[in-house]
Amino acid sequence: MKNHIDLGAETVLFVRTRMEEVLGEEPENINKVEFNVKEVKEHIFHLFYDYQVRRGWPHVAERTADVLGMSRAHVYELLKK
């Protein structure tokens with residue numbers, strides 16, 4: 001495996017590609033798209049957090065905060081939701 005994998009860049013590339021596929025050159029296609037960024041952010045948070053918890057890894061809140069570029073306090077706030 002690579003030493004550094006930027007999933008953010010990969011996600012942007014995926015979204016850009018899908019936008020081109022879905023939207024094409026037709027302006028009315030924008031009305032067919034839904035993309036709730038806040039909801040996606042919460043899903044991604046839980047993907048990282050829950051993955052570690054299921055495997056019993058240590059320091060889950062700290063590692064999740066580091067990977068996602070947020071404070072541990074924010075991690076705890078998201079867990080309360």
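Predicted model: local features only at pLDDT ≥ 70, side-chain atom pairs only at ≥ 80, totals over all residues.
Visitor: Let's start with helix 1. How many residues does it have, and how far does it reach?
Guide: Helix 1 has 17 residues, and the distance from its first C-alpha to its last is 23 Å. That is close to the 24 Å expected at 1.5 Å a residue.

Visitor: How many salt bridges turn up in the whole structure?
Guide: A search of the whole structure finds one. Arg 18 forms a salt bridge with Glu 21, and their closest N and O atoms are 2.7 Å apart.

Visitor: Where do Arg 18 and Glu 21 lie?
Guide: Both lie in helix 1, three residues apart, which is about one turn of the helix.

Visitor: Why does Arg 18 count as partly exposed?
Guide: Because its relative accessibility is 38%, and the partly exposed class runs between under 20% for buried and over 50% for exposed. Glu 21 counts as exposed, since its value is 52%.

Visitor: What comes just after helix 1?
Guide: Gly 24 is there, with a positive phi of about 55°.

Visitor: Which residue has a positive phi although it is not a glycine?
Guide: That is His 59, with a positive phi of about 55°.

Visitor: Why point that out?
Guide: Because most residues other than glycine have a negative phi.

Visitor: Okay, so where is His 59 found?
Guide: His 59 is in the loop between helix 2 and helix 3, the latter covering residues 60-68. His 59 counts as exposed, because its relative accessibility is 53%.

Visitor: Changing topic: how many aromatic pairs are there?
Guide: The count comes to two aromatic pairs. In one of them, the rings of Phe 45 and Tyr 49 have centres 5.7 Å apart and planes at 25°, so the pair is stacked.

Visitor: Are Phe 45 and Tyr 49 buried or exposed?
Guide: Both are buried. Phe 45 and Tyr 49 lie in helix 2, four residues apart, or about one turn of the helix.

Visitor: What about Tyr 51 and Trp 57?
Guide: Tyr 51 and Trp 57 form an edge-to-face aromatic pair, with 5.7 Å centre to centre and 75° between the planes. Tyr 51 counts as partly exposed at 37% relative accessibility, and Trp 57 counts as partly exposed at 39%.

Visitor: Now the surface. Which residues make the nonpolar patch?
Guide: The patch is made by Val 22, Val 33, Phe 35, Val 37, Val 40, Ile 44 and Leu 47, and has an area of about 580 Å².

Visitor: Which helix gives the most to the nonpolar patch?
Guide: Helix 2, which spans residues 37-54, gives the most, with four residues. One patch member, Val 22, sits in helix 1, which covers residues 7-23. Val 22 counts as partly exposed, because its relative accessibility is 36%.

Visitor: Tell me about Ile 44. Where is its place?
Guide: Ile 44 is in helix 2. Ile 44 is partly exposed, with a relative accessible area of 31%.

Visitor: How far apart in space are Ile 44 and Leu 68?
Guide: They are 9.0 Å apart, C-alpha to C-alpha, and 24 residues apart in sequence.

Visitor: And how are Lys 41 and Leu 68 separated?
Guide: The C-alpha atoms of Lys 41 and Leu 68 are separated by 9.7 Å, while the residues are 27 apart along the chain. Lys 41 lies in helix 2, and counts as partly exposed at 44% relative accessibility.

Conventions: Residues numbered from 1 in each chain as written. Heavy atoms only, no water. Patch = residues over 30% accessible without salt bridge, like charges linked within 9 Å, V, L, I, M, F, W, Y side chains within 5 Å. Areas by Shrake-Rupley, 256 points an atom, 1.4 Å probe, with all protein chains shown as cover. Salt bridge = Lys/Arg side-chain N within 4 Å of Asp/Glu carboxyl O. Helix = DSSP H or I, 4+ residues; strand = E, 2+ residues; numbered from the N terminus. Buried < 20%, exposed > 50% of the residue type's maximum accessible area, 1.4 Å probe, protein only. Expected span 1.5 Å × (residues − 1). Phe/Tyr/Trp six-rings, centres within 6.5 Å; stacked < 30°, edge-to-face > 60°.
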